[in-house]
Amino acid sequence: MTNSSPLKSICVYCGSSDNGPAAHRDLARDLGRKMAANQIQLVYGGGRVGVMGAVANAVLEAGGVVTGVIPDFLLQREHGHHDVTNLEVVPSMHVRKARMAELSDAFIVLPGGLGTLEELFEIMTWRQLGLHDKPIMVINPDGHWDRLRELIDDLVAAGYARPENARLVHFVADPDSALAGLKAQLTGTTHIETGRL
Ligand code: AMP
C-alpha cells in the first residue's frame, strides 16, 4: 500500500539532548509510530541521541522510512545514526537545513532547545518571505513552548510581525492533531483552528 496523500514526508525539529523530561521522548516515539503507520517518511537531523534519536528509532522500529541529514562536524557530537534508511552527510549547517526543507512536505516542532528554535524561526521566516508554502506545526504538550507563543504574540502587538505571519505556525497538543492539521492544510479541505492552544 502506498501513501497517496500529499503528506509523504515530514521534517521534525527537536532537541538533541536526553536531559529534558522523559515525557518528551515518549511524545517523540508516539509521533514516530504514527508517522510510520501513515507511511510518512521522517526527515530529521540525523542524530542518535535526545528527542531526535527517540523519534527516529520509533519510526524505524515501526517499519517506516527515515532520512537523516547531518553535517560532518556533528557526526561525533550528535552521534550520527548509521541505522537510518538514508544518512546524508553534508558539509555545513546551511546545507543541512536547506536539504531537510527540500526533502519535506511539512514541518513539526517537538520540544527542544536553542537549535530547535533556530530551525523553527528559519523555516517560519522562509515561509514569511514566500520561499516555500509548507505548513508548520508546533507540538506543545506541557507548556514547553508557551513562552515562544507569547513571544510571537508580543512581536505582533509591538508591530514587528504581521498577524498573518504569526499564524503561519500552529500550536497543537499532540501528534494526532499535528498530523490532521498538516493534512488539512495540504489538501485545503478544512480550516482548522489549531492556533491558540
Ligand atoms: P537543540 O534544540 O539545541 O538540542 O538542537 C536541535 C538540533 O538543532 C540539533 O541537531 C542541532 O544541530 C540543530 N541546530 C540547527 N541550527 C543550529 C544552530 N544555529 N545552533 C545550534 N544547533 C542548531
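**Exercise 1. State how many salt bridges the rule gives, and describe the one between Arg29 and Asp26.**

Solution. The count comes to 12 salt bridges, where a salt bridge is a side-chain nitrogen of Lys or Arg within 4 Å of a carboxyl oxygen of Asp or Glu. The model is predicted: local features need pLDDT of at least 70, side-chain atom pairs count only at pLDDT 80 or more, and totals for chains, interfaces and linings use all residues. Residues are numbered from 1 along each chain as its sequence is written, and side-chain values use heavy atoms, with hydrogens and water left out.

Step 1. Side chains of opposite charge can pair when their charged atoms come close.

Step 2. Arg29 and Asp26 meet in a salt bridge with an N to O distance of 3.0 Å.

Step 3. Both residues belong to helix H1 (residues 22-37), and because they are 3 residues apart there, about one helical turn separates them. Helices (H or I, at least four residues) and strands (E, at least two) are DSSP runs, numbered from the N terminus.

Step 4. Arg29 is partly exposed at 31% relative accessibility, and Asp26 is partly exposed at 42%. Buried means under 20% relative accessible area, exposed over 50%, and partly exposed in between (1.4 Å probe, protein chains only).

**Exercise 2. Determine which parts of the chain the salt bridge between Asp176 and Lys34 ties together.**

Solution. Step 1. The closest N and O atoms of Asp176 and Lys34 are 3.4 Å apart.

Step 2. Asp176 lies in helix H7 (residues 175-187) and Lys34 in helix H1, so the pair ties together parts that are 142 residues apart in sequence.

Step 3. Asp176 has a relative accessible area of 45% and Lys34 one of 24%; Asp176 is thus partly exposed, as is Lys34.

**Exercise 3. Decide whether Arg96 and Glu78, which meet in a salt bridge, are buried or exposed.**

Solution. Step 1. The N to O distance between the side chains of Arg96 and Glu78 is 3.0 Å.

Step 2. Arg96 is in helix H3 (residues 93-102), while Glu78 is in the loop between strand S3 (66-71) and strand S4 (86-90); the pair links distant parts of the chain, 18 residues apart.

Step 3. Arg96 is buried at 3% relative accessible area, and Glu78 counts as buried at 12%.

Step 4. Elsewhere, salt bridges that share partners join Asp30, Lys34 and Asp176 into one network.

**Exercise 4. Classify the aromatic pair of Tyr13 and Phe107.**

Solution. Step 1. The count comes to 1 aromatic pair.

Step 2. The ring centres of Tyr13 and Phe107 are 5.9 Å apart and the planes stand at 10 degrees, so the pair is stacked. Rings of Phe, Tyr and Trp (its six-membered ring) pair if their centres lie within 6.5 Å; planes under 30 degrees apart count as stacked, over 60 as edge-to-face and the rest as tilted.

Step 3. Tyr13 lies in strand S1 (residues 9-13) and Phe107 in strand S5 (residues 106-109), so parts 94 residues apart in sequence are tied together.

Step 4. Tyr13 counts as buried at 3% relative accessibility, and Phe107 counts as buried at 0%.

**Exercise 5. Give the strand order of the open sheet and name its edge strands.**

Solution. Step 1. The sheet has 7 strands in the order S4-S3-S2-S1-S5-S6-S7, with parallel pairing. Two strands pair if DSSP finds at least two bridges between them.

Step 2. S4 and strand S7 (169-172) are the edge strands, each pairing on one side only.

Step 3. S1 and strand S2 (residues 41-44) run parallel and are joined by 3 bridges; Cys11 stands opposite Val43 in S2.
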